[in-house]
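Visitor: I'm new here and would like to learn how to read this model. Could you walk me through a few features?

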Amino acid sequence: MSNPVVILGIESSCDDTGAAILREGKIYANIVASQSVHKDYGGVVPELASRAHQQNIVPVVHEALKKAGVDKSELSAIAFTRGPGLLGSLLVGTSFAKSLALGLDIPLLEINHMHAHIIAHFIESEEENNAKPRFPFLCLTVSGGHTEIVLVEDHLKMKVIGRTNDDAAGEAFDKAAKTIGLDYPGGPLIDQLAHGGDPFAFKFPHPKAKGYDYSFSGLKTAFLYFIRDRMQEDSNFIKKNKADICASIQHTIVEVLLKKLIQASDDLGIKEIAISGGVAANSKLRKELLLLKKSKDWSVYIPKIEFCTDNAAMIAMTGYYKYLNGNFASQNTSASARYTYGD
Ligand code: KG4
Ligand code: ZN
């Protein structure tokens with residue numbers, strides 16, 4: 001009998017250091033060390049992020065191996081995030097993966113982070129065996145740095161049919177949160193505070209963008225001016241209306257996201273719909289999708305929250321498909337902040 005395929009996945013594209021172990025297509029450990037050093041700065045500070053990755057990477061990999069009960073000599077390959085992301089952060093994961101693969105004399109698998117967010121839908125573990133999207137499906141990938149609609153034809157074949165022209169949806173959440181004095185990352189805080197708020201209390205403009213593309217920078221500016229003007233009238237405006245403000249901006253962002261997704265689904269006649277990325281953790285987006293499931297007769301796929309936000313399980317899983325397909329990377333590979341896929 002041949003040896004089982006065992007893959008170590010490494011993620012270090014932004015501010016989470018992740019390591020995961022996959023064995024024969026199933027995830028046995030998924031460890032994430034989140035960085036709290038950025039809280040005081042209202043956003044991720046690239047230099048601090050790379051330093052924290054350097055501190056975290058060895059313990060995180062050790063913990064993943066230990067949890068999965070795997071010795072590094074059993075590894076068949078190492079999958080790592082090559083990009084897109086912060087160059088200094090990517091360099092830590094990339095260099096670590098390259099050195100370990102060289103030391104163990106095993107192949108490398110270079111992974112596109114956005115591709116991996118989509119493959120998060122195919123993660124299987126001992127507890128996890130949900131229905132998987134059927135090809136072709138549309139995936140709305142919404143994270144802190146990207147907002148895309150992707151036509152997914154196969155695990156390794158996909159086409160980005162829409163993308164943001166400026167800010168990402170996660171950035172729109174984070175910047176709105178910052179404007180009203182919330183900590184970074186503000187997306188989850190807006191989500192929490194929006195509970196009990198009136199989503200129709202305040203109206204914000206819908207940005208215009210061609211085709212299935214998005215644009216969020218105009219909304220960010222409109223929100224900033226709206227808050228500035230209201231605060232000039234009443235300095236307690238934010239305090240008095242926090243839940244309504246959060247519910248209204250959240251409602252607008254979700255409405256904008258879904259409008260293009262509906263358009264793409266109608267135009268292409270595809271009713272298999274998935275969402276992924278950090279913003280897929282948003283409770284309003286998840287709720288609205290379940291309503292659309294009924295009204296549009298969609299099959300809707302939403303990953304578990306731990307697989308929406310950055311994690312290494314999705315990197316190991318994508319690595320597994322590349323491994324089976326023989327798509328190995330050479331030792332000459334290097335981190336790429338603007339690494340693209342699905343063109
Ligand atoms: O995918 P992700 O973990 O990292 C990137 O690749 O960027 O996404 C992070 C983004 C942040 O902008 C964060 O505010 C947002 O996802 N986010 C949320 C929620 N949870 C995370 N946005 C809205 N509602 C949430 N519940
Ligand atoms: Zn991400």
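Visitor: Which residues coordinate the zinc ion (ligand 2)?

Guide: Start with the rule: donors are N, O and S atoms within 2.8 Å of the metal (3.2 Å for Na, K and Ca), and water is not among the atoms, so sites may look incomplete. Here His-113 (NE2), His-117 (NE2) and Asp-310 (OD) coordinate the zinc ion, at 2.0 to 2.1 Å. Along the chain, these donors follow the spacing H-x3-H-x192-D. His-113 lies in helix H3 and Asp-310 in the loop between helix H9 (305-308) and helix H10 (313-324), so the pair ties together parts that are 197 residues apart in sequence. Helices (H or I, at least four residues) and strands (E, at least two) are DSSP runs, numbered from the N terminus.

Visitor: What should I know about the numbering and the model itself?

Guide: This is a predicted model, where local features need pLDDT of at least 70, side-chain atom pairs count only at pLDDT 80 or more, and totals for chains, interfaces and linings use all residues. Residues are numbered from 1 along each chain as its sequence is written, chains are lettered from A and ligands numbered from 1 in the order in which they are written, and side-chain values use heavy atoms, leaving out hydrogens and water.

Visitor: Which residues come nearest to ligand 1?

Guide: A residue counts as near if one of its heavy atoms lies within 4 Å of the molecule. There are 19 residues around ligand 1, and Gly-144, Asp-174, Asp-191, Gly-278 and Asn-282 come nearest. By class, the shell has five nonpolar, 11 polar and three charged residues. In this scheme Ala, Val, Leu, Ile, Met, Phe, Trp, Tyr, Cys and Pro are nonpolar, Asp, Glu, Lys and Arg are charged, and the others, Gly among them, are polar. Helix H3 (113-119), helix H4 (169-179) and helix H5 (187-194) each supply at least two residues of that shell.

Visitor: Which peptide bonds are cis, and which residue has a positive phi without being a glycine?

Guide: Most residues other than glycine have a negative phi, and most peptide bonds are trans. In this model the bond from Phe-135 to Pro-136 is cis, with omega near -10°, and Pro-136 sits in the loop between H3 and strand E6 (137-142). Tyr-184 and Pro-185 are also joined by a cis peptide bond, with omega about -10°; Pro-185 is in the loop between H4 and H5. As for phi, Glu-24 has a positive value of about 45° although it is not a glycine. You'll find Glu-24 in the loop between strand E2 (16-23) and strand E3 (26-34).
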